[in-house]
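Please keep the sequence and the coordinates in view while reading.

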Amino acid sequence: MTSEHLLHTIPPIYDDNSKILILGSFPSVKSREVSFYYGHPQNRFWRVLAAVLGCAVPSSNEEKTALLHSHNIALWDVIKSCDIVGSSDSSIKNVVPNDIGAILSSCSIRQIYSNGKTSEKLFNKYIKD
């Protein structure tokens with residue numbers, strides 16, 4: 001596979017009541033195909049989140065969005081655009097970060113979590129300060 005320069009096209013999920021922000025790195029191929037976060041059926045994100053929150057695993061995008069809103073969770077990715085091979089975080093280069101300022105200024109985010117080492121590394125490099 002060859003590297004492609006891609007733009008993040010999935011909008012962030014948040015509302016005025018969001019208190020927690022979970023940041024990924026960049027959408028996988030499957031997530032880009034379905035235009036929603038953690039869209040691959042084998043991805044554990046929605047199962048783990050539901051288990052932590054003590055609720056049923058959502059199946060539709062509407063149910064996933066409702067789950068986030070009902071628990072005051074915002075969801076987005078660190079990267080606005082990058083060069084990437086398929087879904088490989090280790091191949092990411094030429095990163096342009098997302099501006100999370102819109103989320104931070106419109107709701108009372110109290111905690112920010114990364115969902116993996118790549119998102120944490122990129123958050124610390126490009127956004128944290």
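Leu-21 has Ala-74 in β3 as its bridge partner. The model is a predicted one, and this bridge belongs to the pairing of β2 with β3, which is parallel and runs over five bridges. β2 also pairs with strand β6 (residues 111-114), again in the parallel sense, over four bridges. Four of the five residues of β2 are buried, so the strand is largely enclosed by the rest of the structure.

A further set of strands makes up an open sheet. Three strands take part, in the order β1-β4-β5, and their pairing is antiparallel. β1 (4-7) and β5 stand at the edges with a single partner strand each, so one side of each has no neighbour in the sheet. Ignoring direction, neighbouring strands of this sheet are turned against each other by 10° on average. β4 and β5 are joined by three bridges and run antiparallel. Within this part of the model, Ile-79 stands opposite Pro-97 in β5.

The loop between β4 (79-84) and β5 (93-97) contains Ser-91. Is this residue buried or exposed? With a relative accessible area of 14%, Ser-91 falls under the 20% limit, and therefore counts as buried. A polar atom of the Ser-91 side chain lies 2.7 Å from the backbone oxygen of Ser-88. Apart from neighbours within four places in sequence, Ser-91 is in contact with Asp-83, Ile-84 and Val-85.

Leaving out neighbours within four places in sequence, Leu-75 is in contact with Pro-12, Ile-13, Leu-21, Ile-22, Tyr-37, Tyr-38, Phe-45, Trp-46 and Leu-68.

A pair of aromatic rings is described by the distance of the centres and the angle of the planes. The count comes to six aromatic pairs. In one of them, the rings of Tyr-37 and Tyr-38 have centres 6.4 Å apart and planes at 40°, so the pair is tilted. Tyr-37 is buried, at a relative accessible area of 2%, and Tyr-38 is buried as well, at 12%. How do the rings of Tyr-38 and Trp-46 stand to each other, and what is the angle of their planes? Their centres are 6.5 Å apart and their planes lie at 75°, so this pair is edge-to-face. Both Tyr-38 and Trp-46 are buried. Ring pairs link Phe-36, Tyr-37, Tyr-38, Phe-45 and Trp-46 into a cluster.

Conventions. Residues numbered from 1 in each chain as written. Predicted model: local features only at pLDDT ≥ 70, side-chain atom pairs only at ≥ 80, totals over all residues. Heavy atoms only, no water. Helix = DSSP H or I, 4+ residues; strand = E, 2+ residues; numbered from the N terminus. Buried < 20%, exposed > 50% of the residue type's maximum accessible area, 1.4 Å probe, protein only. Polar contact = N/O pair within 3.5 Å; in protein donor to acceptor, adjacent residues only side chain to side chain. Contact = heavy atoms within 4.5 Å. Pairing = 2+ DSSP bridges. Axes fitted to C-alpha atoms, helices over the stretch in contact; angles between N-to-C directions. Phe/Tyr/Trp six-rings, centres within 6.5 Å; stacked < 30°, edge-to-face > 60°.
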